[in-house]
Amino acid sequence: MKLYTSISAFLAIASFSAVNCAHLVPTIPKQSTHTFTLTNNPSFKPNATRAILKARGKYARSSNRTTSFATGIVPMIDYEGDVEYYGTIKVGTPPQSLKLDFDTGSADLWFASTLCIDCGLNNTKFNPSKSSTYKPSIRTWSISYGDGSSANGIVGYDTVDLGGLSITGQGIELASKESSSFESSPVNGLLGLAFDSIITAPGIKTPMDNLISQGLVSKPIFGVYLGKASTTGVGEYVFGGYNSDHIDGSLTTIPIDNTDGFWKISVDNVTIGSSSTESFDAIIDTGTTLLIFTPSIADSIAESYGGTDNGDGTYIIDCDTSKYKPLEFVINGATFRVPPEDIVFQRSGLFCVASFGYADMDFSILGDVFIKNNYVIFNQEVPEVQIAPVK
């Protein structure tokens, strides 16, 4: 779940955070897809410092659609001005709806349950006793986050509906205890989309693993589009395909190093006007709100924008973005932009907090600031990603 930023399981932060493609993956027919709506929670407030701390802790451990195969589409709510995105899944028989943070930086599928007495009065809880298809197990799970929050419980198995695709016997992690910080979260849990090597309940398959092994999708891919509050405010995940309606230009194929269980790529450099950084590795993480760099890379970028280091991983910058140049990422020879208006994360008095920061890690994190400006197709089997600017 995305407690304001994210990427996890191997290091849990729970924000509860070039070659043109020669083989474009087919898109999806409208008649074979399923969508459902999501709700909002007005009590949540953005916090850049917490976003940095959670990411640091999480990584402390190392249209016109034309295909015939089945796909599942999950609309995503853009929450609190691009701070967090979440979708709804259905679990059990009859189905119980849960709002989850879809997180490519973690591998666990967990959520609050009626076994939990400390999960918050306003938090929707899954009730296993009301599902005829639920099967218990003796497995347990436990997650601790970088900000001191934690959750633990038991593992069960049940049917999970993901955008109209019905996964049978999916391993689900039911929270029997959560720390109090989860009570203010707008979501009920987290759906991990990283590789299963970092799942905290060993031997459990991820939802994407099961979509593939159960033959529910013909392509081992999912496409991610994150909307912006300044436009529609609604995004979507497409499992088994992608939506070309959101793609502007050519897709660039980029190899993935999943040695550590993450969607890690190599970035050639980041350019702001005539200034350029060195190359670096970065993890593409839908569960992290901000762009989080190593201290040296972040300082270089901050200097270009006249930023002042707050000493907590964040920077103060001028709120007038009209004077800024775009932040451009060169990846496998192709250029992907974060426009000037997205360099600001939130207003703080007369100044603003930047949408980039730093943590003491040897890699960077391309969070939602990057992803909401660039469509990403994740291919689990190769593995690789394909990226193109969004329309």
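**From a loop to an enclosed strand**

Author: The side chain of Asp285 reaches the backbone nitrogen of Gly287 at 2.8 Å, a polar contact (N or O atoms within 3.5 Å, one able to donate a hydrogen and the other to accept it; sequence neighbours count only through side-chain atoms on both sides). This model is predicted, so local features need pLDDT of at least 70, side-chain atom pairs need 80 or more, and totals for chains, interfaces and linings use all residues. Numbering starts from 1 along each chain, and side-chain values use heavy atoms, without hydrogens or water.

Asp285 sits in the loop between β18 (280-284) and β19 (291-293); strands are DSSP runs of E, at least two residues, numbered from the N terminus. Asp285 counts as buried because its relative accessibility is 0%; the cut-offs are under 20% for buried, over 50% for exposed, and partly exposed in between (1.4 Å probe, protein chains only).

Leu291 belongs to β19. Phe356 touches Leu291, and also Phe293, Ala298 and Tyr315, among others; contact means heavy atoms within 4.5 Å. Leu291 and Phe356 are among the residues that touch the most other members of the largest nonpolar core, which has 66 residues. Such a core joins buried Ala, Val, Leu, Ile, Met, Phe, Trp, Tyr and Cys through side-chain atoms within 4.5 Å. Another core, of 30 residues, lies apart from it and includes Trp141 and Ala359.

The structure holds 20 aromatic pairs. Tyr315 and Phe356 form a tilted one, 5.5 Å centre to centre, with 40° between the planes. Ring centres must lie within 6.5 Å; under 30 degrees is stacked, over 60 edge-to-face, the rest tilted. Tyr315 lies in β21 and Phe356 in β26, 41 residues apart. Both residues are buried.

β21 also belongs to an open antiparallel sheet, ordered β20-β21-β25-β24. β20 and β24 stand at its edges with a single partner each, so one side of each has no neighbour in the sheet. Two bridges join β21 to β25, and strands pair if DSSP finds at least two. Ile316 stands opposite Val353 in β25.

Now turn to β28 (residues 374-379). Six of its six residues are buried, so this strand is largely enclosed by the rest of the structure. Asn374, Val376 and Phe378 cover one side; Tyr375, Ile377 and Asn379 the other. β12 pairs antiparallel with β28 over four bridges, and Val224 stands opposite Val376. β29 pairs antiparallel with β28 over six bridges. Phe378 has Val385 as its bridge partner in β29. β28 and β29 form a hairpin, with four residues between them.

Definitions and conventions:
Rings of Phe, Tyr and Trp (its six-membered ring) pair if their centres lie within 6.5 Å; planes under 30 degrees apart count as stacked, over 60 as edge-to-face and the rest as tilted. Lists of a residue's contacts leave out its neighbours within four places in sequence.
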